[in-house]
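Hi,

Here is the structure I promised to pass on to you. Have a look at it first, and then read my notes below.

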Amino acid sequence: MILTESSLFTIFVVAYLFYIGKSLNPPYPWQVLEFPWLGSLFLFSSSGTVVAAEHKLKKGDKAGFELWWLITALLGLAFLIYTGTEWYSLIYHDGLTLSTNLFGSTFYSLVGLHASHVLVGLILLTLILVASVTGNIKPRHHEHIEMISWYWHFVDGIWAVVVTVVYIIGMQH
Amino acid sequence: MADPTSTLREIGTELKPAPPGHEHGSLTAWIQDLVFTVDHKKLGFLYIGAAWLFFVLGGIMALLIRTQIAVPNNHLLDGETFNGTITMHGTTMIFFFAMMMVFGLINFIVPLQIGARDMAFPRLNAFSFWATFFGGVFLFLSYIFGPGLYGMGAAPDASWFALAPLTSRAFSPGNNIDFWSLGLLVSGVGSITGGVNVMVTIFCYRTKGMTLYRMPLFTWLSLVTMFLIIMFMPPLSAAQIMLVLERFFGAKFFEAQAGGSPVLWQHFFWIFGHPEVYILVLPAFGVISEVVPVFSRKPIFGYPMMVAATVMIGFISAGVWAHHMFTIGMDSFSVTFFAFATFVIAIPTGIKIFNWLGTMYGGKIRLEVPMLFCIAFLFQFLIAGLTGIMLGCAPFDWQLNDSYFVIAHFHYVIVGGIVFAVFSGFYYWFPKATGRMLDKRLGTWHFWVFTLGFHLTFDPQHFLGFLGMPRRIYTYQEGRGWEFLNMLSTIGAFLQAVGAILFIVNMISSARKGKIAGDDPWDAWTLEWMTSSPPPEYNFEQLPEVRSRRPLWDLKHPEDPDWKFE
């Protein structure tokens with residue numbers, strides 16, 4: 001499954017790289033993009049908290065598990081909010097939309113695809129949290145929890161690629 | 001996850017045969033059973049049934065196309081309808097006949113061959129089928145809703161690989177392309193989930209003692225196919241998402257006026273499109289690798305090489321896509337690279353052909369109907385491969401790209417290769433699936449009529465290509481020397497239709513009153529022949545520990561078992 005997703009993302013990354021610096025009209029990436037320090041901080045640290053949560057569950061500490069799990073979900077939510085404000089300012093302040101130019105098309109499709117994965121992860125995290133609070137998660141479920149945590153790490157790893165491609169490389173054009 | 005093999009054996013011993021409450025009294029009960037089933041055998045039937053349905057629809061389109069260009073200046077179809085017909089013919093045959101047929105065969109056979117109770121995720125399996133099926137239904141709805149509010153366009157008409165500027169709003173103002181892209185997106189999801197399912201099944205649910213190197217070759221080839229599906233379906237989905245974004249939200253991916261590149265679409269499409277050929281042909285190789293040894297009464301020649309060649313094909317197929325694009329003006333390095341990769345992929349394919357011949361060599365060949373189709377397959381697939389190498393030479397391709405030579409080449413692959421293998425597999429496994437043999441006399445007729453029709457249709461098309469007839473033209477003028485060959489080709493197409501009808505008649509009549517098959521009518525060696533025909537819902541009551549590649553041979557010949565020599 002992760003293989004499939006990687007393949008899907010690869011195509012969007014290739015499209016972005018292929019079209020970088022080929023837009024015929026402004027705004028260009030260097031004019032409007034800002035490095036997403038805050039968003040990256042939220043997302044990368046959430047990978048750590050999810051590991052902490054898993055650890056607690058393995059030890060049978062349910063309250064600790066729920067706490068770390070909640071923090072992970074909140075960090076994910078904070079990331080989405082950050083992306084939302086970034087997009088808001090891009091759309092209303094800089095006038096960049098999906099149909100403005102090639103940069104707009106590739107930027108929104110790649111970052112949007114990633115954000116939709118964060119959203120799916122967030123829903124999964126919330127479901128687990130609800131299940132845990134209502135007492136349906138036991139330490140023996142830890143294999144299933146591990147799958148979700150893998151998915152979360154994957155989304156995180158993709159963000160590292162997206163940051164490199166969209167922001168670090170993109171801002172030079 | 002609990003150890004699957006132990007669960008399997010528990011089920012084998014504890015389950016009572018024929019669970020009660022499953023009598024199909026009425027039609028509604030039968031339909032309900034089909035809709036809600038999660039059994040891999042019934043889903044296999046559903047896949048195969050849907051595939052034949054789409055085969056008939058695609059076949060009717062093929063006949064329309066052939067009738068239109070049988071004579072010069074024909075006006076049976078106008079240009080636009082003709083474009084719609086070729087697009088729908090290609091899309092239907094590739095995505096909804098061949099893909100569903102592949103999945104149907106794999107669904108039915110693989111769990112039986114590895115001695116599993118069912119697929120790893122039975123409900124996901126049902127989801128895959130219905131997603132793929134509704135993708136196909138959605139595509140065909142374009143005939144009704146395609147014109148859109150403004151009444152422009154009908155069926156998708158940008159050819160089956162939907163070249164980029166043709167699909168933009170400016171050139172396709174109706175809804176037809178949307179039906180194409182969304183339908184394929186949905187069916188792509190079905191294929192990917194199906195691929196994951198089969199892969200997990202093969203990795204985790206093999207019976208006791210069946211190591212990877214004791215797996216039947218059909219299962220091996222299915223495994224590699226599934227790898228290709230989960231690696232290379234997503235690029236298509238991604239490209240479809242871009243197309244949808246472009247058509248609905250004004251994104252600029254493939255629009256040249258905004259600096260976008262129509263060539264990028266071609267790259268994305270063929271990154272999927274070429275491995276797709278191997279997705280379809282590897283299971284066909286699998287069928288041949290099962291049928292040839294059984295009907296030559298010899299174990300397969302060079303099993304490890306067969307597996308290695310398959311894996312090699314899987315890898316190399318990722319690096320040959322741009323040989324579909326030699327004429328778009330690539331730089332000479334890319335052209336050389338893709339031409340070279342194309343030649344390299346011929347090597348493992350050649351290894352396979354030699355191994356099949358090596359299996360037949362010195363064997364006691366039984367000319368039953370499945371074997372007839374296999375022999376024709378070997379002959380035709382060889383020619384298909386040779387014309388493929390010819391087209392792999394870039395200068396040759398510059399001359400003949402988009403001509404009827406290309407049409408002849410890939411129809412040799414898909415009809416002469418895949419469809420023949422599918423027929424062979426049908427005659428081979430039909431007794432297992434239904435408990436009755438397909439009629440041999442009718443089958444032989446089917447074989448000869450279909451083979452004759454096939455050659456009459458596609459052999460002349462090679463020469464039409466040399467004579468300069470381009471593909472996708474809906475009519476042509478007199479006096480170009482194309483009339484006679486086109487007429488031959490059309491007659492051949494109708495002969496093929498007669499052959500296909502014979503086959504359908506054979507299936508229906510044999511399923512009702514064919515000869516009773518028994519568990520193992522072909523004296524074969526793989527596990528699916530151990531259980532009854534048709535297999536019970538739980539597949540196996542008991543399974544022996546597998547100790548070689550031919551577990552049934554070991555059972556039948558305890559004095560000379562295979563595992564002594566492996």
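A word on naming before anything else: helices (H or I, at least four residues) and strands (E, at least two) are DSSP runs, numbered from the N terminus. The peptide bond that joins S533(B) to P534(B) is cis, with omega about -10 degrees.

Some housekeeping. This is a predicted model, where local features need pLDDT of at least 70 and side-chain atom pairs count only at pLDDT 80 or more, while totals for chains, interfaces and linings use all residues. Residues are numbered from 1 along each chain as its sequence is written, with chains lettered from A and ligands numbered from 1 in the order in which they are written.

Two other loops in chain B are worth a click. R297(B) sits in the loop between α9 (262-296) and α10, and its phi is near 55 degrees, a positive value in a residue other than glycine. R472(B), in the loop between α15 (440-466) and α16, also has a positive phi, near 65 degrees. Are these two buried or exposed? For burial, count the other C-beta atoms (placed from the backbone) within 10 Å of a residue's own: 20 or more is buried, 12 or fewer exposed, and in between partly exposed. R297(B) has 12 such neighbours, so it counts as exposed. R472(B) has 11, so it is exposed too.

Now to the core. A nonpolar core here is a set of buried Ala, Val, Leu, Ile, Met, Phe, Trp, Tyr and Cys residues joined through C-beta atoms within 7 Å. The largest one has 189 residues, and A98(B), M100(B), I288(B) and F373(B) have the most contacts inside it. Helix α14 (residues 404-434) of chain B gives the most to this core, 21 residues. Apart from it lies another core, of five residues, including M61(B) and A155(B). As for contacts, two residues make one if their C-beta atoms, placed from the backbone, lie within 7 Å. Leaving out residues up to four places away in sequence, A98(B) touches M93(B), L280(B), I414(B) and I418(B).

There's also a helix pair to look at. Helix α8 (residues 217-249) and helix α10 (residues 303-316) of chain B pack at an angle of about 15 degrees, with their axes 10 Å apart. Axes are lines fitted to C-alpha atoms, for helices over the stretch in contact, and angles run from 0 to 180 degrees between N-to-C directions. That angle makes α8(B) roughly parallel to α10(B) (under 35 degrees counts as roughly parallel, over 145 as roughly antiparallel, 65 to 115 as roughly perpendicular and the rest as oblique). Among the residues that meet are W220(B) and F227(B) in α8(B), and M306(B) and V311(B) in α10(B).

Finally, chain A. Its secondary structure comes to six helices and zero strands, and 38% of its 173 residues count as buried. Of its contacts with a separation of 6 or more, 84% are between residues 24 or more positions apart. With 17 other C-beta atoms within 10 Å, L77(A) is partly exposed. The C-alpha atoms of L77(A) and V118(A) are separated by 8.6 Å, although the two are 41 residues apart along the chain.

Cheers
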